[in-house]
Amino acid sequence: MKIDTNDILNSILESLDHVDYIRPEEIPNIELYMDQVTTFMDNHYSSTKRYSEDKILTKTMINNYTKNNLLPPSVKKKYSREHMLLLILIYYFKNILSIKDIETVLQPLREKYFSGNGPVQLSDIYKEVCELEKSRIAPMKASVKEAYEKSQSAFSDMSEGEDQDELKLFAFICSLSFDVYLKKMMIEKIIDELAAKDKDK
């Protein structure tokens, strides 16, 4: 069966057009119980599930985040808007970073801005970084297209057919994976520098 890699590319690019973030004003301005927190996250991120049985957020996850110092404890079993903002950031980070690395990255937010007494509000920081991320979608689409086009010129010495198509798709996957690998390495290097500075304090 012929692999239509062009359809795969178009599907990827179309999915990038739908990437969005939860705006601070969408988060209830009241404190929520844990069940309400998990329901909120499920409602907003169900489209990001790879498999229907995947869990967006569970009570166990929330308890682990608190135990590992990623998330401040609830107050009288209720979670504030600031808790919700951190949980959203954790949701994104957990796909690429370890629990310890997430703790390091979020430490300034927990210590300086979670209480609402900092020079800026946590919701303002969240909105700023989300808008920055949205601005990265167009360059990312261009980068994905470039990786795809280069993969299509790979294995040109083979005769056309299913085997060549499979290897071109493999080359495309490798190219995207290498990009993720390098960025993960860069992120971890930055986090290691942050952790080292904290130890020197």
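At what angle do helix H7 and helix H8 pack, and how far apart are their axes? In this predicted model, helix H7 (residues 137-152) and helix H8 (residues 162-200) pack at an angle of about 145°, and their axes lie 8 Å apart.

**The contact of H7 with H8**
- The crossing in which H7 passes H8 is right-handed.
- On the H7 side the contact involves Val-144, Ala-147, Tyr-148, Ser-151 and Gln-152, which meet Lys-168, Ala-171, Phe-172, Ser-175 and Leu-176 of H8.
- Six of the residues in this contact are nonpolar, three are polar and one is charged.

**Salt bridges**
- Side chains of opposite charge can pair when their charged atoms come close, and the structure holds five salt bridges.
- In helix H5 (residues 99-113), Lys-100 and Glu-103 lie three residues apart, about one turn of the helix, and their closest N and O atoms are 3.4 Å apart.
- Lys-100 counts as exposed because its relative accessibility of 54% is over 50%, whereas Glu-103, at 17%, counts as buried.
- In helix H7, Glu-146 and Lys-150 are four residues apart and form a salt bridge with an N to O distance of 3.4 Å; Glu-146 is partly exposed at 42%, while Lys-150 is exposed at 55%.

**Ser-80**
- Ser-80 sits in the loop between strand E2 (78-79) and helix H4 (81-93), and Ser-80 is buried because its relative accessible area of 13% is under 20%.
- Leaving aside residues up to four places away in sequence, Ser-80 touches Glu-31 and Phe-114.

Definitions and conventions: Residues are numbered from 1 along each chain as its sequence is written. This is a predicted model: local features need pLDDT of at least 70, side-chain atom pairs count only at pLDDT 80 or more; totals for chains, interfaces and linings use all residues. Side-chain values use heavy atoms; hydrogens and water are left out. Helices (H or I, at least four residues) and strands (E, at least two) are DSSP runs, numbered from the N terminus. Buried means under 20% relative accessible area, exposed over 50%, partly exposed in between (1.4 Å probe, protein chains only). Contact means heavy atoms within 4.5 Å. Axes are lines fitted to C-alpha atoms, for helices over the stretch in contact, and angles run from 0 to 180 degrees between N-to-C directions. A crossing is left-handed if the near helix is turned anticlockwise from the far one by less than a right angle, and right-handed if clockwise. Ala, Val, Leu, Ile, Met, Phe, Trp, Tyr, Cys and Pro count as nonpolar, Asp, Glu, Lys and Arg as charged, and the others, Gly among them, as polar. A salt bridge is a side-chain nitrogen of Lys or Arg within 4 Å of a carboxyl oxygen of Asp or Glu.
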